[in-house]
Each structure stands twice: as structure tokens, then as C-alpha cells.
Amino acid sequence: MQLTDKPQDAGYRLVAEFEPTKESYIAWPERRDNWRNAGKPAQKMFRQLAELIARYQPVTMLVSRGQYQNAQAQLAQKMRVVEMSFDDIWLKDIGPFYVENNQTLYGVDFAFNAWGGLLDGLYFPWDQDALVAQKLLDLQRLDYLRNKFILEGCAIVTDGEGTLITTEEVVLSEGRNLNASKEQVEALFAKYFGIKRVIWLPEGYFMDETGGDVDNMLNYVAPGKIVLTWTDDPADPQYAISHQAYEILRKAVDAKGRKLEIHKMQIPSPQYLTVEEANGVDPINGRLPRIAGQRLTATYVNYLTFTKVIIMPSFDDPQDDIAKTQLQALYPEREVLTLPAREFLSGGGGLHTVISTVPAL
């Protein structure tokens, strides 16, 4: 149920993604104006992802009323299938944040407006998405706090020890939090997440349609250790963005007074939406159109972290094997698995964007 106590007095700590996990939630794609061919290719890949995760921990698939029987017939033997209303499937962004206090897990439900509301959001309406975090927390029987500030799960990363990294172009964007200052945002993060140090990057991945969520730029491996999206090609627009981020991170000090250990992860060759992929999406008013030739946010740092495994996106690119080897060295006690990410990217997100994972305390 919703709590009414003052969060600054409660000592909450935002849990890091590399900490142990106990279950995951994923939603079933079907929007014809976002997923090509009525979502059928995406449903195949979402099923593969869910089944892969289900080998290691329980998975719940959230499904609309119209798709319930279809998904239940395909998935019921391997995971729980639950009917739930939503506008689209980006559960990391629309789902809850998880905090702990004295080894008790709580949720935090911030507001959601489709990455920019009526100014530059990606679809309208988003009212059902805005209810998903509360529904998930009620389903899990977790107490939670709520705040009207606009914040997506992919907009921040944390080390679990008081440090948070985010991007100015998302959290401070006009379409999300008009006139919000860094000082106000940092105070909010301190109250609800126990954050003591915020590291601000100016922008995220080049042409990220969410406006530049930080999860396409970097990921925490452990406290004081990050992986950073990288390219050595000065002709790539991502080059300047990654190099600027590196300089900021190189000079930064975290909440524990540590300098960051930064591991650069080269991106694959630039990925672009094909004519076939774009034409498979129904153009409907209220949704950002899919255009052939648009750059996709292909990066390896958008991987999923679980207690025993890492699931890394792959792109049928020679860099795939190099990235997998690099991640395996960074996570010696976890097995690194790969999953083709093209279908997730063509819908506007990535592997990390579609999963809401519950920490295990």
C-alpha cells in the first residue's frame, strides 16, 4: 500500500542492478503503430527473452485482455501470465524503482508521461502506463512511496552506495520537468533514493528517441566500476558524446570518494531501420512514426544483469564476440549470454528497457 511517511526520515537506499535478483516482469508487445507486422516478430523475441530469464528466476508476463489467450497458450508452461492494461511494454521505464531499508524492500512510483508529454512524448495517451508501477507493487504486496516528478527507470543508474548517474537532457527536459533545477532534483534523489552524489552527463546516445536515457550510455558493474558506450570513429556523431561523457566521468568522484574505473565498450557498426521494418509499422496519429534509415541505439551496455547471468544484446556484428569476452572478464562469476536485439531496437528501445526486475534482499 502507499506509505505516507516522509521519505527523508526513513533511510531508503536505491538498490543497484548488479545486486541479487529474485524475479522479473516483462510485457507482451502488440501495438501496430510501434511494432511491425502487428507485433508478431517482436512477440517471438519477447518470448525468447522471457524463456531465457525463466531458466534462472521466476518470470511474469503481463498481457492485455485481447492478447491473453495467445500469450497464455505459448507461455503458461514456463512462466506466470497475468492480464494487465498498459499502453506499451517498456517496463523498466514505467515500472517501479526498488529501495530497501533495514533489509525490507519498498517501491517508489514516480510519474510517467511517455518521455516528454504533449511537448515531445512518443505516444498519447499514456494513462495506463502511468498506473503500471502501482499495479506491480500491489501485485508484489510491497509498500511504496509516490511522487509526481517525471522519472523513468532508464533515466538513472546507481552504484547502490549513494551515487547516481543521469543525463541533463532527460531529467531536466522541458517536456518532463519544466523549470526543475539540478539542486531540486538532487534533493529529490536524496529523499527517495538515499543518493549523496549525482553525476550529470549532458546527453545520452545519439538520436535516442527517449531524449537520451543514460542506460544506453553506461552501466554499473560494481561500486566504482562502469562500462561506457564508446566509438573510436570521429565521423560517428556518437564519438563526441561518448568522449565528453568520458571526460566528465574520469574527473568525477563518487559518494564514497572513489574515482571511477571506466571500461570502454565499442559499439557495433551503426544500425539503421530498414524499409521493410519501417513499412511494417502502421502509421497512426499520436505515435512517433518509424522512418527507414533512422539510427538505432545499438550498444552493448544496455545489457540485463541477474544473480547468475548477464544477457547481452547482439547485433550480428563482429564486435559481438569482443563485447561478450569483455563482459565475461568483468563478471567472472556470472555467465554471459547473448540475444539478438534487432527487434527490440526497431521498436525504439533495447533489452534493458523491457524488463522490470525485483531485487532479492
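Two strands count as paired when DSSP finds at least two bridges between them. Strands (E, at least two residues) and helices (H or I, at least four) are DSSP runs numbered from the N terminus. This is a predicted model, in which local features need pLDDT of at least 70, side-chain atom pairs count only at pLDDT 80 or more, and totals for chains, interfaces and linings use all residues. Residues are numbered from 1 along each chain as its sequence is written, and side-chain values use heavy atoms, leaving out hydrogens and water.

**A three-stranded sheet**

P313 stands opposite L339 in β16. Strand β15 (residues 309–314) and β16 run parallel, joined by six bridges. The sheet is open and has three strands in the order β14-β15-β16, with mixed pairing. Its edge strands, β14 and β16 (335–340), each pair on one side only.

Two helices meet these strands. Helix α1 (residues 40–54) packs on the sheet and touches β14, β15 and β16. The direction of α1 makes about 165 degrees with that of β16. Helix α10 (residues 319–330) lies across β15 and β16, at about 160 degrees to β15. Contact here means heavy atoms within 4.5 Å. Axes are lines fitted to C-alpha atoms, for helices over the stretch in contact, and angles run from 0 to 180 degrees between N-to-C directions.

**Cavities and a pocket**

On a 1 Å grid over the protein atoms alone, a cavity is a set of points where a 1.4 Å probe fits but cannot get out; a pocket is an open set with protein on both sides within 12 Å along at least five of seven lines. Lining residues have an atom within 4 Å of a point. Points are joined across faces, edges and corners, and a volume is the space filled by probe spheres set on them. By this rule there are three cavities of 30 Å³ or more.

| Space | Volume |
|---|---|
| Largest cavity | about 430 Å³ |
| Second largest cavity | about 100 Å³ |
| Largest pocket | about 280 Å³ |

The largest pocket has 14 lining residues, with M207, D208, E209, Q294 and R295 closest to its centre.

The largest cavity is lined by 27 residues; V15, A16, E17, K92 and T357 lie nearest its centre. Which strand gives the most to this lining of the largest cavity? β17 does, with five residues. Strands supplying at least two residues each include β5 (97–101), β11 (218–222) and β17 (355–359). The lining of the largest cavity has 16 nonpolar, eight polar and three charged residues.

Terms used: Ala, Val, Leu, Ile, Met, Phe, Trp, Tyr, Cys and Pro count as nonpolar, Asp, Glu, Lys and Arg as charged, and the others, Gly among them, as polar.
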